[in-house]
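Good morning, and thank you for coming. Please look at the sequence and the structure as I show them, and I shall then guide you through the fold.

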Amino acid sequence: MNTLIRRLLPADALAGQPSRASLKKLGQWPWHALTAFLLLALAYGLWYSTSLISYEWRWNRVPQYFAYQAEDAQHAGDFGRVEDIAVRGATSQVVLVSETGSRQVLEVAGDSLKLAKGDEVAEGDVVGVTRHWKLGPLFWGLWTTLWISVVSGALGLVIGLFTGLCRLSNNPTLRDLSTVYVELVRGTPLLVQIFIFYFFIGTVLNLSREFAGVAALALFTGAYVGEIVRAGVQSVARGQNEAARSLGLTGAQSMRHVILPQAFKRVLPPLAGQFISLVKDTSLVSVIAITELTKSGREAITTSFSTFEIWFCIAALYLVINLPLSQIASRLERRLAQSD
């Protein structure tokens, strides 16, 4: 009947009718409006809470903890006098002549110049300063968080893959040892494991705090990844392995070419969630004096007294790291689903 109507009605009449998808989107706008209202209410609640404690927002103090202009003082090398000062834009070139006749040329920022032509100087006197951009503690804390996450995540993935396969092995020793490792790591807090690695194993083997932190995070992640891999492999139908073996593949070839690719599609969401948790867990290595993002934020708060601003920036930086990870995992999951 619908086909007959489309044939009888002119194309202009049909073109003016809204599609089912557009009607569905049109019906969802109240829910989007409700979402926006709730977010605005949350923002207002935050603002109202800070107003009750008379908190003064100082966002202008935050950028210097990402990048700032450092000043290096330029000193006179000997007793003498200022022979000449040449202004070159924003800088000034100062020529000093010592009592022995030697000359010293210094280039300083023009607004920092403390001497005039003909003034006498003593050894160590500050002539002026030079300015250059320097990266702040929050930037270096973000960099430390990133490289610790990448290294420990890569090691944890390798350890987890090996552990998951050992959990499925027919060898009782491999199966028992991997089970003990998984249960031991998952049954104790990560903070305690970091302390053990740094104060016990690190002291005995003379390991650096960075090595101890990365090792603790990698082993912690590896235990969870191992369980994810084991569950993914067991979720693949047993007939897949039997079919591969019937085609002449060995057990290792069947696992590598048939079972693991199918298991990877199924474990991708929990793997992405585990690596996102790993990025946040890196904040715990600050207890062994590794200056990652959270520790850098605490140090910035002690000098800026901008508690809320710094913590909001740190939360936003963690979000900036984790959102692309979740988006990449979702896109990869959709692409792999199309290949089924």
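Let me begin with a question: is Cys313 buried or exposed? With a relative accessible area of 13%, Cys313 is buried, because the limit for a buried residue is under 20%. Please bear in mind throughout that this is a predicted model.

Let me now turn to the overall form. The protein contains twelve helices and six strands. Along its principal axes, the C-alpha trace spans about 100 × 75 × 50 Å. What is the radius of gyration of the protein, and what would a compact globule of 340 residues have? The protein has 32 Å, whereas a compact globule of that number of residues would have a value near 20 Å. Of the 340 residues, 32% count as buried. There is also something to say about contacts along the chain. If we take the contacts between residues at least 6 apart in sequence, 68% of them join residues at least 24 apart.

Helix 4 covers residues 29-52, which is 24 residues. From its first C-alpha to its last, helix 4 reaches 35 Å, close to the 34 Å expected at 1.5 Å a residue. After helix 4 comes Ser54, with a positive phi near 55°.

The next topic is the sheet. As a general point, the strands of a sheet pair through backbone hydrogen bonds, either parallel or antiparallel. In which order do the four strands of the open sheet lie here? The order is 4-3-2-5, and the pairing is antiparallel. Strand 4 and strand 5, the latter at 120-121, are the edge strands, and each of them pairs on one side only.

Let us follow the sheet strand by strand. Strand 2, residues 80-88, pairs with strand 3 in the antiparallel sense over eight bridges. Within this pair, Val82 has Leu96 of strand 3 as its bridge partner. The hairpin of strand 2 and strand 3 has two residues between the strands, and Gly89 in this hairpin takes a positive phi near 70°.

Strand 3, residues 91-98, is in turn joined to strand 4, residues 103-109, by seven bridges, and these two strands run antiparallel. Val94 has Leu106 in strand 4 as its bridge partner, and Val95 stands opposite Val105 in strand 4. The hairpin here has four residues between the strands, and Gly101 takes a positive phi near 95°. How much of strand 3 is covered? Strand 3 is mostly covered, as seven of its eight residues are buried.

We come to the nonpolar cores. The largest one has 19 residues, and those with the most contacts inside it are Ile148, Ile194, Leu217 and Val285. Helix 6 (172-186), helix 7 (190-205) and helix 8 (209-235) are the elements that give two or more residues to this core. Helix 8 gives the most, with seven residues. Which residues does Ile148 touch, once its neighbours within four places in sequence are left aside? Ile148 is in contact with Gly153, Val214, Leu217, Thr282, Val285 and Ile290. A second, separate core has 14 residues, including Leu138, Leu317, Tyr318 and the Cys313 with which I opened.

Finally, I wish to show you two loop residues. Asn206 lies in the loop between helix 7 and helix 8. Its phi is near 55°, a positive value in a residue other than glycine. Is Asn206 buried or exposed? Asn206 has a relative accessible area of 69%, and the cut-off for exposed is over 50%, so Asn206 is exposed.

Phe305 is placed in the loop between helix 11 (293-304) and helix 12 (307-338). Although Phe305 is not a glycine, it has a positive phi of about 55°. At 59% relative accessibility, Phe305 counts as exposed, because that value is over the 50% cut-off.

Thank you for your attention.

Notes. Residues are numbered from 1 along each chain as its sequence is written. This is a predicted model: local features need pLDDT of at least 70, side-chain atom pairs count only at pLDDT 80 or more; totals for chains, interfaces and linings use all residues. Side-chain values use heavy atoms; hydrogens and water are left out. Two strands pair if DSSP finds at least two bridges between them. The expected span of a helix is 1.5 Å times one less than its number of residues. Buried means under 20% relative accessible area, exposed over 50%, partly exposed in between (1.4 Å probe, protein chains only). A nonpolar core is a set of buried Ala, Val, Leu, Ile, Met, Phe, Trp, Tyr and Cys residues joined through side-chain atoms within 4.5 Å. Contact means heavy atoms within 4.5 Å. The radius of gyration is taken over C-alpha atoms; the globule rule is 2.2 Å times the number of residues to the power 0.38.
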